[in-house]
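Dear colleague,

Please find below the structure that I am handing over to you. My notes on it follow directly after.

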Amino acid sequence: MSFGKAFLASLLAIVVSSIFISLIFFGIIGSMFSAFEPTPQIVKKNTVLKMSFDMPIGDVSYSSLNKNSFELSQKLGITDILTGIESAKADDKIKGIYINITNLNAGIATIKEIRDALEDFKSSGKFIVAYHENYTKATYYLSSVADEIYVYPSGTFDFLGLGSEQLFLKGALEKLDVEMQIIRGTNNKFKSAVEPLMYTEMSDANREQTQKYLDALWNEMLISIEKSRGVSVEKLNEIADHASIQKSGQAVEYKLADGIKYYDEVLELLASKVELNKDNEIEFFSFAEYVKKATKKKSNKLKLEEKEPNIAIIIAEGSIVDGNGEIGEIGGNSMAALIREARLDSTIKSVVLRINSPGGSALASDIIWREIVLTKEVKPVIVSMGNVAASGGYYIACAADKIYALPNTITGSIGVFGVIPFTGNLLKNKLGVTIDRVQTNKHSILSFNKKLSPEEFGIIQQGVDDIYADFIGKVANGRSMTTAQVDSIGQGRVWAGTDAINIGLVDEFGGIDMAILDAASRVNISAEDINYKIYTTAKTDPMLEALISIQGQNKSSVSLKKSAFQTKLMDMFDFAKSIESNAGIQARMPYIYWID
């Protein structure tokens with residue numbers, strides 16, 4: 001046999017064997033999943049939903065596996081949560097909700113959306129009871145909606161107000177001989193995202209805006225608590241100012257809780273509410289699992305009725321980056337593709353754009369903005385702002401037909417900046433590395449190793465100012481304002497929703513449910529006939545979903561909570577990394593720290 005024939009025969013044998021082995025392998029994997037397929041949990045009579053929120057809450061539910069670290073990331077989406085609460089309200093088997101949250105990983109506006117839905121749930125006559133050994137500001141804000149709140153005798157109860165603090169890196173960079181060359185819009189004094197690289201403390205402008213929006217967020221929380229607990233805003237501020245509640249038991253004295261109980265006593269209370277005998281255990285059902293069942297049931301019902309999706313909900317969550325981005329980011333190209341897909345789908349009559357973003361790449365924001373403009377020409381576009389829709393996040397919102405936000409949404413930050421680090425002195429002074437260059441033209445090389453000349457700085461400054469002028473022009477056009485009016489409330493300034501509505505950046509207060517109803521009414525779709533389709537790049541692989549379900553029934557999850565300092569360091573690292581990953585000029589707001 002010739003070498004060529006022998007080689008081809010061997011190659012064919014290898015290919016056939018590989019296919020055969022692969023089939024066997026995937027057959028075994030399939031059998032494993034079939035064997036370990038989770039048994040569907042049944043909601044029984046007199047069930048109490050246990051609301052724990054053991055995973056972060058975002059705008060869309062998904063699970064992803066980091067290919068490098070194999071770290072599992074999961075989120076529970078706000079639309080699914082609202083569907084779950086709405087379903088529980090009408091479900092005869094559900095008698096009430098038990099709120100028992102250790103760590104609430106959600107933005108303040110998202111918490112309000114959930115809180116408002118729970119307020120509506122109470123109109124059914126069903127109960128809500130809250131209990132925990134240690135209350136944070138976030139968990140108490142949500143729990144305060146309950147009919148009854150119980151605390152542990154010697155637990156903790158954080159009711160001290162809101163605070164924001166920032167790490168400043170200028171001194172550390174100077175020690176490393178690194179100079180951050182920062183170009184902000186000429187009058188963008190409020191554009192504070194780059195201040196950690198410029199200063200050693202907050203500027204007067206940044207301190208002013210931060211104080212204003214923190215006061216607005218705190219006041220909104222107090223108004224909600226006052227409504228639920230009957231304690232005035234003035235009294236609540238007095239409690240916070242004097243640190244009156246040192247341990248959870250004292251919350252009862254100030255009417256922020258209804259009683260002191262141990263866990264077993266809370267179980268007895270809940271059992272009595274569903275009229276169980278002492279010998280019978282209370283039937284808890286995980287709220288997260290109920291949400292899955294409710295969303296699946298809703299989807300199956302629409303399929304049986306053969307209803308095609310008529311409303312698009314497009315999820316824009318995360319920093320805005322060039323290209324397609326990763327899960328948890330808004331890629332300029334990938335987001336534009338989603339909007340384009342919804343626009344070209346003839347069954348989709350109206351679009352809701354849900355935004356939760358501090359901004360990012362100015363170029364990517366502009367690409368997304370263009371698709372919004374084109375979509376608005378053929379079908380209504382309604383924006384629903386979540387926790388934050390600022391800078392680039394506001395850029396992609398401004399062209400919409402209507403903008404909804406929550407009173408505690410963070411928005412605005414209409415401004416731009418560019419950052420070019422100069423690391424030449426670091427290499428030379430610390431490592432003894434020098435650099436030389438040859439170039440065909442005067443400005444051929446703009447690198448981290450070459451300091452900008454005054455002329456080059458001026459060229460980039462002009463580019464930043466041009467983008468800012470374009471930004472305020474687009475806001476002015478979208479919001480029916482003059483550029484002078486937009487500039488007066490722009491300059492990088494951050495606003496809370498309560499102020500944003502008064503200055504014309506937002507049209508109406510409301511969550512995503514109101515935005516969906518508005519989008520439907522504009523095209524004569526009744527509330528009963530709404531069938532929305534979620535457009536998102538954050539999707540869960542079915543095999544991963546099956547693994548998670550199996551693990552959920554057979555293994556308890558372990559949560560590691562970072563310290564506040566570790567969290568700040570990671571946030572600063574992520575901020576620096578995101579700046580580095582976007583080569584162009586950026587429209588981004590600083591990270592907001594909510595100190596729990």
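In which loop is the place of I348? I348 sits in the loop between α12 (332-344) and β14 (350-357). Helices and strands here are DSSP runs, numbered from the N terminus (H or I and at least four residues for helices, E and at least two for strands).

Before I continue, two remarks on the basis of these notes. The model is predicted, and local features need pLDDT of at least 70, side-chain atom pairs count only at pLDDT 80 or more, and totals for chains, interfaces and linings use all residues. Residues are numbered from 1 along each chain as its sequence is written, and side-chain values use heavy atoms, with hydrogens and water left out.

**Surroundings of I348**

I348 is buried, with a relative accessible area of 1%. The classes are buried (under 20% relative accessible area), exposed (over 50%) and partly exposed (in between), with a 1.4 Å probe and protein chains only. Leaving aside residues up to four places away in sequence, I348 touches P309, N310, I311, A312, A342, K379 and Y535; a contact means heavy atoms within 4.5 Å. I348 and N531 are 183 residues apart in sequence, while their C-alpha atoms are 9.6 Å apart in space.

**The chain as a whole**

The chain has 596 residues, of which 48% count as buried. It contains 21 helices and 23 strands. Among contacts with a separation of 6 or more, 75% are between residues 24 or more positions apart. The chain exposes about 29200 Å², and carbon and sulfur atoms supply 54% of this area. Accessible areas come from the Shrake-Rupley method with a 1.4 Å probe, and for residues only the protein chains shown count as cover.

**Salt bridges**

The structure holds 29 salt bridges, each being a side-chain nitrogen of Lys or Arg within 4 Å of a carboxyl oxygen of Asp or Glu. Three of them are described here.

E119 and K122 form one of these salt bridges, at 3.4 Å from N to O. E119 is partly exposed, with a relative accessible area of 29%.

R493 and E208 form another, at 3.1 Å from N to O. R493 lies in the loop between α17 (483-489) and β20 (494-496) and E208 lies in helix α7 (residues 204-229), so this pair ties together parts that are 285 residues apart in sequence. R493 is buried at 11% relative accessible area, whereas E208 is partly exposed at 41%.

In the salt bridge of E508 with K402, the closest N and O atoms are 2.7 Å apart. Because E508 lies in strand β21 (residues 508-509) and K402 in strand β17 (residues 402-405), the pair ties together parts that are 106 residues apart in sequence. E508 counts as partly exposed at 29% relative accessibility, and K402 is buried with a relative accessible area of 17%. Salt bridges with shared partners join K402, E508, D518 and R522 into one network.

**Surface patches**

Patches are made of residues with over 30% relative accessible area and no salt bridge; like charges are joined within 9 Å, and nonpolar side chains (Val, Leu, Ile, Met, Phe, Trp, Tyr) within 5 Å.

A nonpolar surface patch consists of L431, V433 and I435, which together have about 260 Å² of accessible area. V433 is placed in the loop between α15 (424-431) and α16 (454-479), and V433 is partly exposed, with a relative accessible area of 36%.

K45, K93, K95, K293, K296 and K297 form a positive surface patch. Lys and Arg count as positive and Asp and Glu as negative, while His and the chain ends are not counted; the place of a charge is taken as NZ of Lys, CZ of Arg, CG of Asp or CD of Glu. Helix α11 (residues 287-304) gives the most to this patch, with three residues. K93 is in the loop between α2 (78-90) and β5 (94-99) and is partly exposed, with a relative accessible area of 38%.

**Positive phi angles**

Most residues other than glycine have a negative phi. S413, a residue other than glycine, has a positive phi near 55°. S413 lies in the loop between β18 (410-412) and β19 (417-422) and counts as buried, at 1% relative accessibility. S480, which is not a glycine, has a positive phi of about 55°. S480 lies in the loop between α16 and α17 and counts as exposed, at 71% relative accessibility.

With kind regards
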